[in-house]
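I'm opening my notebook on a new protein today. I'll jot down each thing as I look it up.

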Amino acid sequence: MGRAQTYDTRPMPDDGSKLADVDVLADAGAQVGLVVPVQGLERLAPQLASTAGTADARIAFRRERGHVVAKVEASADLLLRCQRCLAPFTMKVAGGSEVALVGSEAEVDGVPEEFETACCPDGRIRLRELVEEELLLALPAAPMHRDGECGGASDGVIPPVEAAPTQRPFAALGEMLGGSRRN
Ligand SMILES: [Zn+2]
């Protein structure tokens with residue numbers, strides 16, 4: 001009673017899931033900070049041991065030589081599965097590039113070589129797609145622990161992958177039969 005309430009006045013971080021108008025962003029020279037749930041990155045998710053966590057990104061927009069260019073920097077602590085010992089491990093994955101946002105395939109030919117391209121139909125794109133692309137580019141093809149950090153791999157012992165619930169159909173059948181016998 002009578003106590004002043006404190007409010008967190010920071011704006012909600014943008015998760016990049018809304019369609020953004022890239023011309024508006026370029027004309028404003030916008031710099032957008034994003035916190036993107038990894039779970040929403042559908043192309044990245046199959047490569048991960050878990051989709052927990054978020055990716056951080058900054059995207060700066062400008063217009064250059066007739067194109068909308070987005071300078072994208074993205075990073076995330078991703079839970080990957082080691083391709084040597086199959087145990088999950090966390091790897092900091094970070095990447096950045098300058099991406100020309102083109103409205104059509106035909107426009108790709110006119111993009112200067114130093115830019116990546118991303119298709120942006122009707123000038124609109126979900127910014128998380130740019131973040132996902134950077135992370136996919138930065139992800140190693142065969143993620144592994146550093147040398148010597150695989151648990152037990154040197155002995156050829158492979159730790160168990162998620163234990164599936166044990167199916168015991170015959171035990172259940174035995175209980176059923178036992179039950180009927182008691183009747
Ligand atoms: Zn390993």
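**Strands 5 and 6.** I started with strand 5 and strand 6, which pair in the parallel sense over four bridges. Here V102 sits opposite C119 of strand 6. Two strands count as paired if DSSP finds at least two bridges between them. Helices (H or I, at least four residues) and strands (E, at least two) are DSSP runs, numbered from the N terminus.

**Ground rules.** I'm looking at a predicted model, where local features need pLDDT of at least 70, side-chain atom pairs count only at pLDDT 80 or more, and totals for chains, interfaces and linings use all residues. Residues are numbered from 1 along each chain as its sequence is written.

**Confidence.** I checked pLDDT, the predictor's confidence in each residue, from 0 to 100. The protein averages 85, and 77% of the residues score at least 70. Residues 179–183 stay under 50, and the model has zero contacts beyond four places in sequence for them. Residues 153–158 also stay under 50, with five such contacts. A contact means two C-beta atoms, placed from the backbone, within 7 Å.

I counted four helices and seven strands, running β-α-β-β-β-β-α-β-β-α-α along the sequence. Five of the strands form an open sheet in the order 2-3-4-5-6, with mixed pairing. Which strands stand at the edges? They are strand 2 (31–37) and strand 6 (116–119); each has a single partner strand, so one side of each is left without a neighbour in the sheet. Neighbouring strands are turned by 35 degrees against each other on average, direction ignored. For that, axes are lines fitted to C-alpha atoms (for helices over the stretch in contact), and angles run from 0 to 180 degrees between N-to-C directions.

**Strands 4 and 5.** Next I followed strand 4 (residues 67–81) and strand 5 (residues 88–102), which pair in the antiparallel sense over 14 bridges. Along strand 5, S97 is opposite V72 and G96 is opposite E73. Helix 3 (residues 127–138) packs on the sheet, touching strands 2, 3, 4, 5 and 6, and its direction makes about 120 degrees with that of strand 5.

**The turn.** Strands 4 and 5 make a hairpin with six residues between them.

Are they buried or exposed? L86 has 14 C-beta neighbours inside 10 Å, so L86 counts as partly exposed. D122 has 9, so D122 counts as exposed. The cut-offs are 20 or more other C-beta atoms within 10 Å for buried, 12 or fewer for exposed, and partly exposed in between, with C-beta atoms placed from the backbone.

**The core.** The largest nonpolar core has 33 residues, and V22, L101 and V131 touch the most other members. Such a core is a set of buried Ala, Val, Leu, Ile, Met, Phe, Trp, Tyr and Cys residues joined through C-beta atoms within 7 Å. Strand 4 gives the most to this core, with eight residues. I also listed contacts of V131 beyond four places in sequence, among them L34, A57 and V72.
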